[in-house]
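Reader: I have a model open on my screen. How do I read its pockets and its salt bridges?

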Amino acid sequence: SIGTFHLAFPLRLNIADFNVSRNDTIFAQGELADVNISFWPLLSGEVEVNYVALEKAAVNTADLIEGLKVDGEIGFFRVVARNIDLEKELVNLRQIHLHSADIDITLGEMPEEEEDSTRLGWRVNLHHGGIENCKISLNMPCDTMSAMLELGKLRLRRGAIDLGNERYGIGAITLSNTAVR
């Protein structure tokens, strides 16, 4: 269900008071979802996302992903991406920010990977990002293990993810007012 829906040219979508559900399970709800995409790069196979923002939202993946459940609340989330090249499987993120979130991640039994499964070749580059005032809980009931991370302030610069080669890196990270339990 949608409270207010606004679509502006070229590609700006603003949804207020939204709720995404199936049967009695609510997957996402919130006060604001705002997406702004540049039109002309789409014609050459590139996606230029001026921004995607969520405010006062809740998420619950329930049984959407086998072996993984993400449940929590997000105060503010914003990502700015440039040059998402669908053909080259390349994403360049200028910034990503998460503020005032309380997220619970539960890892259950993961399905066996099929031998003929295709590996993802996507590469993601991040110019800078930040997380402030967030709690992230990780639960692994199969291993009877759990941990909680309380992030006061985290700043990242020059991050890179290469899924095809399974390489991950961060140029610089600054962490303050943080606790692990």
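Author: We take the pocket, then the salt bridges. Keep in mind that this is a predicted model.

Reader: Which classes of residue line the largest pocket?

Author: The lining holds 14 nonpolar residues, five polar and no charged ones.

Reader: Now the charged side chains. How many salt bridges are there?

Author: A pair counts when a side-chain nitrogen of Lys or Arg is within 4 Å of a carboxyl oxygen of Asp or Glu. The count comes to three salt bridges. Arg12 pairs with Asp34, with the closest N and O atoms 2.9 Å apart. Arg12 lies in β2 and Asp34 in β3, so the pair ties together parts 22 residues apart in sequence.

Reader: Is Asp34 buried or exposed?

Author: Asp34 is buried, at 7% relative accessible area. Arg12 is partly exposed, at 30%.

Reader: Which residues form the other bridges?

Author: Arg155 bridges to Glu132, with the closest N and O atoms 2.5 Å apart. Arg155 sits in β8 and Glu132 in β7, so this pair joins parts 23 residues apart in sequence. Arg181 meets Glu150 at 3.1 Å, N to O. Arg181 lies in the segment after β10 and Glu150 in β8, so parts 31 residues apart in sequence are tied together. Arg181 is exposed, at 59% relative accessibility, while Glu150 is partly exposed, at 21%.

Terms used:
Residues are numbered from 1 along each chain as its sequence is written. This is a predicted model: local features need pLDDT of at least 70, side-chain atom pairs count only at pLDDT 80 or more; totals for chains, interfaces and linings use all residues. Side-chain values use heavy atoms; hydrogens and water are left out. Ala, Val, Leu, Ile, Met, Phe, Trp, Tyr, Cys and Pro count as nonpolar, Asp, Glu, Lys and Arg as charged, and the others, Gly among them, as polar. Helices (H or I, at least four residues) and strands (E, at least two) are DSSP runs, numbered from the N terminus. Buried means under 20% relative accessible area, exposed over 50%, partly exposed in between (1.4 Å probe, protein chains only).
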